[in-house]
Amino acid sequence: MSKSLPIRKLSPETVAKIAAGEVIERPASVVKELVENALDAGARQIRVEIGRGGIDFIRVSDDGCGIAAGDLPLAFERHATSKLLSESDLEQIATLGFRGEALPSIAAVADVEMTSRPAIADAGAVLRATDGSVVACEPVGTPPGTTVTVRGLFRRQPARLKFLRSPQSEAGQIANLTGHYALAYPEVRFSLLTDGRLTLSTPGSGRLIEAAAGVYGYQVAEQLLPLQDDEPDEEARTAAISGLVSPAGLSRATRSYISLFINRRWVRNRPLAFAVEEAYRGMLMAGRYPIAVIDLRIRPSEVDVNVHPAKTEVRLRRERDVFSTLQRKVRRTISKYSPIPDVSTKAWSPSWPTRVSLTEGEARQERMLDGSPEARAMGAGPAEQPALTRQLPVLRALGQVGLTYVAAEGPQGLYLVDQHAAHERILFERFLAAGSVPPDKQALLEPVAVELSLRQRALISELAEALTEQGFVIEPFGDKTCLVRAVPAALGDKDIAAAVLRFLDLLEAEDKAADGRERVAMSLACHGAVRAGQALSPDEMRELLRQLEETQSPGTCPHGRPTMIHLSADALAREFRRR
Ligand code: ADP
Ligand code: MG
């Protein structure tokens, strides 16, 4: 816990040099300012609570240095800060805040209550502000640290209130923001409570990978690769860069999983985000983006943070150098770690077939290799059809290995397909597309009562929309129980209660930051997919390969693990010394 410094008013000359502008646009901007204040105060624990997307209330509590009782009212005056002593400090900003504007700006558009106590003080004080002015400030018994509660945001600014999105959407932005701070400060224990439910928590262990697990879930975090630590000379000149990046097999549909922190400030910087994307060139499909948490430490004099009122944009003096260092470092990391699990001979190539474009004629010819009735039917089908663009050549199933892998032959050699991963991919894409068609659901003659934990009930209400879309009809029934009236046909028909519970277990383990529909689809896919150890008939194997071919991303399961490995015909010839 750092020591609390006196708060002073900035001189008019310094104020004139600070990027001005509105900082409070929505609930997430309030959370941002309060969390930054807590971090500047040296907090090791920060708890964020929100009600109805932050529109009803926001509370941020910390165990930081606190504010002396006599200074509390000053904190609510414009341009009063303890973080900037003189104009020259603007050149070397080391704290997240420095403008002394957040608290007065929040108090201007909401009711604020701030309770604070420095550890050395015997008692704390509580201050209430409404309509932009302080209405009360009195002593109070409270533990060291600071708690700020903000209620009725924009209640007196109906025009601004109208511009807010739905509570869920505002809550989503707050979760995203809190997640970013949790990643930037792995040594701080963060928790986020959304309408009373714990939706994010990190251990504050100081290890980035553990913070990433709290934010993105364990399944994702365990796959992330630490950035390679080399080229110290080159880096010393530009920036110290560390972080985590996804392997080539793990990607997302948006750029929003590329997080950049410059000197521990979460920033948006298009060029640097692009440097990360560029490092994956040729490894990801169009429209897919990596997950990356990049921590850049740059001498403060090389960074200008004073360009945007919310301080989310920064300017780097040597952006081009930083760009190329970052890109190389990410590239080296992902190329070093092979995305394919350990295989015994180095001849097994980690690559899988590159994208091939086939004309309908070629595709038909390939299918003829395959003896299935469906292939024959296609061969005899109408002549002119648009050319197919596929990522997989046609594979012919040879048999099953260890009741887990399907061995297959294709024009480019031998393939081993993980039956569970492949089936998961197929089902995932099918469930994800289900939103557009009525779900294949199974109504139960008698509703089935299932006893649920608090977390499970919270999960069901959080993902209600996505669950309904897939065919679930679940109603609360008393305190601990719910009634299941219908389930997706894919859930099976034997023991409904057991199937629902297993599905919920899977759902809970999924990447919490992923889109709700994706989470539900992934869990249904994992639930419904054939398991390792399950015998498959030749027809089933053939069908599995055929359906995998039709997916958009046949190379990986929805969690990013490979669905297959490949031994090329060339490698076979080499290994057998045929050439
Ligand atoms: P700034 O952060 O730019 O200085 P703010 O309006 O956000 O301006 O806060 C004003 C002052 O109030 C800060 O400089 C700091 O001294 C004090 N303060 C605000 N929040 C906290 C907190 N959580 N813990 C300790 N001090 C705080
Ligand atoms: Mg501040």
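In this predicted model, four strands form an open sheet whose order is β20-β21-β22-β26, and their pairing is antiparallel. The edges of this sheet are held by β20 (396–401) and β26 (564–568); each has a single partner strand, so one side of each is left without a neighbour in the sheet. On average, neighbouring strands of the sheet are turned by 20° against each other, with direction ignored.

Strand β20 pairs with β21 (residues 405–410) in the antiparallel sense, over five bridges. Within this pair, Arg396 has Glu409 of β21 as its bridge partner. As background, the strands of a sheet pair through backbone hydrogen bonds, in either a parallel or an antiparallel manner.

Two helices lie across this sheet. Helix α14 (residues 419–433) lies across β20, β21 and β22 (413–418), and runs at about 75° to β22. Helix α19 (residues 538–549) lies across β20, β21, β22 and β26, and its direction is at about 120° to β20.

A second sheet is built from five strands. This open sheet has the order β11-β12-β15-β13-β14, and its pairing is mixed. Here β11 (225–226) and β14 (265–267) stand at the edges, and because each has a single partner strand, one side of each is left without a neighbour in the sheet. One of the residue pairs involved is Ile262 with Arg265, the latter belonging to β14.

Helix α6 (residues 167–184) lies across β13, β14 and β15 (292–297), running at about 55° to β13.

Another antiparallel pair is formed by β9 (residues 189–194) and β10 (residues 197–201), which are joined over four bridges. Leu193 has Leu198 in β10 as its bridge partner. The two strands make a hairpin with two residues between them, and in the turn Asp195 has a positive phi of about 45°.

The description now turns to the ligand. Around ligand 1 there are 22 residues, of which Asn37, Thr81, Ser82, Lys83 and Gly100 come nearest. By residue class, this shell divides into eleven nonpolar, seven polar and four charged residues.

Several polar atoms of the protein lie beside nitrogen or oxygen atoms of the ligand. A nitrogen atom of ligand 1 is 2.9 Å from a polar side-chain atom of Asp62. For Thr146, a polar side-chain atom lies 3.4 Å from a nitrogen atom of ligand 1. Leu103 takes part through its backbone, where a polar atom is 3.0 Å from an oxygen atom of ligand 1. Taken alone, ligand 1 exposes 530 Å², and the protein buries 96% of that area.

Which elements give two or more residues to the shell around ligand 1? They are α2 (27–40), β4 (80–81) and α4 (102–109). The largest share of the shell comes from α4, with three residues.

Note on methods:
Residues are numbered from 1 along each chain as its sequence is written. Chains are lettered from A and ligands numbered from 1 in the order in which they are written. This is a predicted model: local features need pLDDT of at least 70, side-chain atom pairs count only at pLDDT 80 or more; totals for chains, interfaces and linings use all residues. Side-chain values use heavy atoms; hydrogens and water are left out. A residue is near a molecule or strand if one of its heavy atoms lies within 4 Å of it. A polar contact is a pair of N or O atoms within 3.5 Å; within protein, one must be able to donate a hydrogen and the other to accept it, and residues adjacent in sequence count only if both atoms are side-chain atoms. Accessible areas come from the Shrake-Rupley method with a 1.4 Å probe; for residues, only the protein chains shown count as cover. Ala, Val, Leu, Ile, Met, Phe, Trp, Tyr, Cys and Pro count as nonpolar, Asp, Glu, Lys and Arg as charged, and the others, Gly among them, as polar. Two strands pair if DSSP finds at least two bridges between them. Axes are lines fitted to C-alpha atoms, for helices over the stretch in contact, and angles run from 0 to 180 degrees between N-to-C directions. Contact means heavy atoms within 4.5 Å.
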